[in-house]
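Please consult the sequence and the structure shown below while reading.

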Amino acid sequence: MDSWVRFNSQSQAKERVLRAAQYACTLLGYTLQKGGAAAELHKTVTQLEAHMSLTRKLLRLGNSVEALEAAKRAIHLSDSVLRLCLTISHLNRAMYFACDNVLWAGKTGLISKLDQDKWSQRSFRYYLFALILNLTRDVYELRLLIECEERYRASKSPPSAYPGNNGPADHLSSPSSPVSPAAVALPVMSAWLRRRLHLVATVLYSNPPLLLDLLKNSCDIFIPLDRLGIYPTGKGFVGACGLASSVLSILTIVHPWLKLKP
């Protein structure tokens, strides 16, 4: 089992490069179609995209084993939220790869009379569930880091930094104040929102693996949403999102420290 996982990890980089090229072809085909390019050129790009997709399916044969191994490791995590999200996410990925393998067999003619649309929809549903759980995990980790950052700032801030008795609430309670509560509340809410956004940006900037994983999953989720017809965005947007997420995935392979763990 360990030997297969090691072998599979070596082919992952090739699959990511092919994925980037496939979605680049998707984006290029959409651009050519909108630009009124020759039908023959558009057909060639579309065929190239289909060939790359089929090659990727070949490289993903056996990925279910790696996903199941990852689920076995995740089930032992001490954090209950991470354990739940990662275990179920990996199990969904295993089912996605299994459906993808069946679809590859159907496209190559190994399984005759396969309902390819049905199996494609089924695989994208598992893919969507896995991405939703991955995003849930990202948001959870972001919340934990924000809480840590808030506690750190609170411990370093002097007592005068906290609001005292001369804040906006005292002006509102003053009978001689001509300012309405709504006029005071709006700037207060705006300042609070700016502080929160700055805090989120600071935390993400300090944690590149979480930032990359959040961006990658946010881009990827539009692909199954479009393919399943839940939120159609068009080939151009899907191609751009797939290309961006593929480049981010390649970065995590080239620089392993950028991969979010566990």
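## Confidence and conventions

The predictor's confidence in each residue is expressed as pLDDT, on a scale from 0 to 100. For this protein the mean pLDDT is 87, and 86% of the residues reach 70 or more. Over residues 161-173, pLDDT stays under 50, and the model has 12 contacts there beyond four places in sequence; contact means heavy atoms within 4.5 Å. Where pLDDT is low, the predicted coordinates should not be read in detail.

The model is predicted: local features need pLDDT of at least 70, side-chain atom pairs count only at pLDDT 80 or more, and totals for chains, interfaces and linings use all residues. Residues are numbered from 1 along each chain as its sequence is written, and side-chain values use heavy atoms, with hydrogens and water left out.

## Overall architecture

The protein has 10 helices and zero strands. Both kinds of element are DSSP runs numbered from the N terminus, helices being H or I with at least four residues and strands E with at least two. Among the contacts with a separation of 6 or more, 73% are between residues 24 or more positions apart.

Of the 262 residues, 35% are buried. Buried means under 20% relative accessible area, exposed over 50%, and partly exposed in between (1.4 Å probe, protein chains only). The protein exposes about 15,700 Å², of which carbon and sulfur atoms supply 65%; such areas come from the Shrake-Rupley method with a 1.4 Å probe, and for residues only the protein chains shown count as cover.

Just after α4, Gly 109 takes a positive phi of about 90°.

Arg 137 belongs to helix α5 (residues 116-156). Its relative accessible area is 5%, so Arg 137 is buried. Beyond its neighbours within four places in sequence, Arg 137 is in contact with Leu 82, Cys 85, Leu 86, Leu 260, Lys 261 and Pro 262. In helix α8, the buried residues include Pro 209, Leu 210 and Leu 212.

## Salt bridges

Side chains of opposite charge can pair when their charged atoms come close. A salt bridge places a side-chain nitrogen of Lys or Arg within 4 Å of a carboxyl oxygen of Asp or Glu; the count comes to 11 salt bridges. Glu 15 and Arg 16 form one of them, with their closest N and O atoms 2.8 Å apart. Glu 15 is buried at 5% relative accessibility, and Arg 16 is buried with a relative accessible area of 16%. Both belong to a network of salt bridges that also links Arg 56, Lys 57, Arg 60 and Asp 100.

In helix α3 (residues 63-74), Glu 69 and Lys 72 are separated by about one helical turn because they are three residues apart. Their side chains meet in a salt bridge at 3.4 Å, N to O. Glu 69 is buried at 14%, whereas Lys 72 is exposed at 51% relative accessibility.

Glu 150 and Arg 196 also meet through their side chains in a salt bridge (2.2 Å, N to O). This pair links distant parts of the chain, with Glu 150 in helix α5 and Arg 196 in helix α7 (residues 181-206), 46 residues apart.
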